Amino acid sequence: MKTAKEPLFLLSSIPYRDSDLVVNLLSSQHGKLSSVIYSGRKIGKTSSFLFQTGDLLEVEYQVKESNDFVKVINISSISTLSTDKFSYNRFLFHSYLLEVISKISQPGNPSDDLFDILLTNNQCKWKKKESFYLIGRMIWMLAQHGGFGIDYHTCGKCQRPTMRFNKDLEPSFRKENYQFSSNSGALLCSNCSPVANPEDLITPSMLKVMWTMDTDSSDQPGTGTIPDSIMIEVILCLNHYLLQRYEIKPKSLSLFLDSLKASP
Ligand SMILES: [Zn+2]
């Protein structure tokens, strides 16, 4: 048995037997790891395991060769989240994000990108004004780095560019609507394929948001402010795309979507 010590994110914890927990953890090098935390369940008011999903932990563990089930020796916190202080929107997104990452991460697969998304989730300031932008950007990162990248530069069929740049390298987008091609990250313009379902519609202003999220690495939009209503359309459309490509349906999805639709 080999011993390792590294920072891991807590993805989920599920009650097991009378007093134990089964936890899933994310390693940037080894992907998803599982373990049993003995006596980790909350009994009455006391619990030996005080961490919440999304917390970044320093974990020392033993692992058998080619086995993703590890034996935890020691856990301490690196950065913990106070989910009780979250806004309702952020709380629902948080649960949703952790569930999606728990479903798409694989044992044994290096997961730098997923690890970085969780780091962003822990480190960014989450001001109310920017929260939809942050949610959108994390979903964008999940799509771009998970093997289902989106190409928003041209129509996948006629190859006409969706935008052109002026001399200051500011893009202007064609007055054209698009939708995702059903089995790739390509866009199709409405000339090539009429948009039948309004939920699939991608407008030029939505494309501009995608471009901003793709090119601006900060937590705030670089080019002026983006209205919440456009940001919510982008989140809904990217999220729909992401879940279809991964063929997953998280349990927390409907509450998360309701929280978006309840917003202006
Ligand atoms: Zn086209």
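User: Which residues touch the most other members of the largest nonpolar core?

Analyst: In this predicted model, Phe 9, Leu 25, Leu 26, Ile 101, Ile 139, Met 210 and Val 234 do so, in a core of 57 residues. Residues are numbered from 1 along each chain as its sequence is written. Because the model is predicted, local features need pLDDT of at least 70 and side-chain atom pairs count only at pLDDT 80 or more, while totals for chains, interfaces and linings use all residues.

User: What makes this set of residues a nonpolar core?

Analyst: The term stands for a set of buried Ala, Val, Leu, Ile, Met, Phe, Trp, Tyr and Cys residues joined through C-beta atoms within 7 Å.

User: Which residues is Val 234 in contact with, leaving aside its neighbours within four places in sequence?

Analyst: Contact requires C-beta atoms, placed from the backbone, within 7 Å, and by that rule Val 234 is in contact with Gly 136, Met 206, Val 209 and Met 210.

User: Why does the radius of gyration agree with a compact globule?

Analyst: The radius is taken over C-alpha atoms, and the globule rule is 2.2 Å times the number of residues to the power 0.38. For 264 residues a compact globule would have a value near 18 Å, and the protein chain has 20 Å, so the two agree.

User: Why do β3 and β5 count as edge strands of their sheet?

Analyst: Strands are DSSP runs of E with at least two residues, numbered from the N terminus, as are helices (H or I, at least four), and two strands pair if DSSP finds at least two bridges between them. Five strands form an open, antiparallel sheet in the order β3-β2-β1-β4-β5. Here β3 (31-37) and β5 (71-79) each have a single partner strand, so one side of each is left without a neighbour in the sheet.

User: How many bridges join strand β4 to β5?

Analyst: Seven bridges join β4 (residues 56-63) to β5, against a requirement of at least two, and the strands run antiparallel. Glu 60 stands opposite Asn 74 in β5.

Definitions and conventions
A residue is buried if 20 or more other C-beta atoms lie within 10 Å of its own, exposed if 12 or fewer, and partly exposed in between; C-beta atoms are placed from the backbone. Two residues are in contact if their C-beta atoms, placed from the backbone, lie within 7 Å.
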